[in-house]
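Biologist: I am new to this structure and would like a close look at a single part, namely the places that a database record marks out. Please take me through them slowly, one residue after another.

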Amino acid sequence: MGWAIALHGGAGDIPRSLSPDRRLPREAALRHCLQLGVSALQSHAHPLDVVELVVRELENHPQFNAGKGSVLTTDGTVEMEACIMDGKTMRCGAVSGLTTVVNAVSVARLVMDKTPHIYLGFQGAEAFAREHGLETVDPSHFITPENIERLKQAKEANRVQIDYTQPIKQDEKSEVLAATGGSGDSQIGTVGCVAVDRDGNLATATSTGGLVNKMVGRIGDTPVIGAGTYANSYCAVSATGRGEAVIRATVARDVAALMEYKGLSLQEAAAYVVGERVPQGTAGLVAVSASGEVTMPFNTTGMFRACATEDGYTEIGIWPTEQE
Amino acid sequence: MGWAIALHGGAGDIPRSLSPDRRLPREAALRHCLQLGVSALQSHAHPLDVVELVVCELENHPQFNAGKGSVLTTDGTVEMEACIMDGKTMRCGAVSGLTTVVNAVSVARLVMDKTPHIYLGFQGAEAFAREHGLETVDPSHFITPENIERLKQAKEANRVQQDEKSEVLAANGGSGDSQIGTVGCVAVDRDGNLATATSTGGLVNKMVGRIGDTPVIGAGTYANSYCAVSATGRGEAVIRATVARDVAALMEYKGLSLQEAAAYVVGERVPQGTAGLVAVSASGEVTMPFNTTGMFRACATEDGYTEIGIWPTEQE
């Protein structure tokens, strides 16, 4: 039993033809964030602090869909959400609808630590963050040219296919919202990190800008405890993918529930949820167990991910490895 | 196997000394809503329509903590949230932060039916409701004198009990008339189609923007092919324990019956005094466990069983 950490930068339809200028910076970021988390664990930082630290770093990186670099709503704005949970105490914090706060995961942490509540949304969450002196910037700070382009392409796809306000078949809706546009550079992702220390203390944190061209006010799986984020004494889970599918399947909770209620191992539980409980192409997750195991299953083309364990195992990847 | 329905008007520290003028109208409302739901099921309405209908009725009743009669935020405003889920398809809809829409559960239904999303919050949810022509009113419509009083007493208790956050927020004031509750309804038809819906004004004196368990799928509301669940109580406890999902998960993953699963979750997975739920199974069973002093509740099954109550019955 030793420490373990895993992090992700989003699962989705990431084509193997991804150009080096889009692939290399993200791989470097995954490597950098992994090292950050590993060093923190080696210094005996608490897993809650480790996951917050790593997710903040991922939020600040403009090429992941969280914080700076968040995808845009249908109005061209950014609405960020995040969640953090402590496995030992089951304390948790979540926020939605942030527009000016630099690090959503830190607001979630504050909600958990400084209020009697779990979840704050929109203007109330923004006001709370300011009251506590968290760093805020002009909303334009988070918007990148790549995301302006993604939104444009998603709207183009919408015009060609269907107006989403009409009742349409479920798979068509998914296609529309998954519109990756010409670049094939899907941004379905979120960012997240899970960690466990030698004492079995587990923690998870997830952060996201949501779905390209989402309706204003749309909340995804990330801040929904049990869907995109969950930790208890068995494991810590951070999920990514199509938020609506992750919510329906209560992905993060189910991994832990399968371990507890059916006696599955971490890997069995996670593989089952990702393989059988969500539609193909909609989800991935990273998870660690109390005994220091790690798993990073996904049923999408790829998932930006990295993990390390105290006994020396390290993995950084985007697409399935040969064994998968 | 027949139809079954259960509904609640909130679990909490409801004292047995509750005065008749506060008890009788709620019992009458529970009876009325139960009959509404039963008639709909007998007319072969789909459970989704049944739960929406019943919850709308409960939202409109000023003495339950949803819609009109919602408890107030620390700013003296109303922020309503609701959720609906279809067990067969697992489609669901949720909203938070509504301030002018008369029936939050109907907005949740529309999110489920008319958008590619599940959950809309605050101004986006309000705008969506208006675009779809749902009835909206001045925010003052939802505020009742009783809730203005409850907020006042909660703030008073805050000043006295600064550190005991939980106690403070549970402050039921001098009337002893706790409003930890929400409203909800679960239903199943003869074909095993399950549905659930929950609606609430949240917690007295809550922070502006605070979201509770009601719209968090798997916490306060959940349905799949095994059962439909609507929970009530202290939202934060219900979220941590993923109450509604766990009832179904215990049935599926551990093979427990509906009653065993629900009793276990309410008895062992949430702190005493924090939660209750109503649930029905695909085969027409009903259960309404709670670990609080009381829970406004009612249920009926096709084979003739009916129950309306507030406090534990003698067998419980």
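Modeller: Before the first residue, a word on naming: helices are DSSP runs of H or I with at least four residues, strands are runs of E with at least two, and they are numbered from the N terminus. Please also keep in mind that this is a predicted model.

The UniProt record, an unreviewed entry, carries the annotation "binding site" for B:Arg210, B:Ile211, B:Gly212, B:Asp213, B:Thr232, B:Gly233, B:Arg234 and B:Gly235. Such annotations may be inferred rather than shown by experiment.

Take B:Gly212 to begin with, which sits in the loop of chain B that runs between β7 (210-211) and β8 (221-223). Because its relative accessibility is 1%, and buried means under 20%, B:Gly212 counts as buried. When residues up to four places away in sequence are left out, B:Gly212 touches B:Glu81 and B:Ile239.

B:Gly235, which the record also includes under "binding site", belongs to helix α7 of chain B, residues 235-240. With a relative accessibility of 1%, B:Gly235 is buried.

The unreviewed UniProt entry places another feature, "active site", at B:Thr182. This threonine lies in the loop of chain B between α6 (165-169) and β5 (183-188), and at 3% relative accessibility B:Thr182 is counted as buried. Beyond four places in sequence, the residues that B:Thr182 touches include B:His8, B:Gly9, B:Gly10 and B:Asn65, as well as B:Thr198, B:Ser199 and B:Thr200.

For contrast in chain B, consider B:His44, found in the loop between α1 (20-42) and α2 (47-60). B:His44 is exposed because its relative accessible area is 63%, and exposed means over 50%. Its backbone deserves a second glance too, since most residues other than glycine have a negative phi. B:His44, although not a glycine, has a positive phi of about 65°.

Methods: Residues numbered from 1 in each chain as written. Chains lettered and ligands numbered in written order. Predicted model: local features only at pLDDT ≥ 70, side-chain atom pairs only at ≥ 80, totals over all residues. Heavy atoms only, no water. Buried < 20%, exposed > 50% of the residue type's maximum accessible area, 1.4 Å probe, protein only. Contact = heavy atoms within 4.5 Å.
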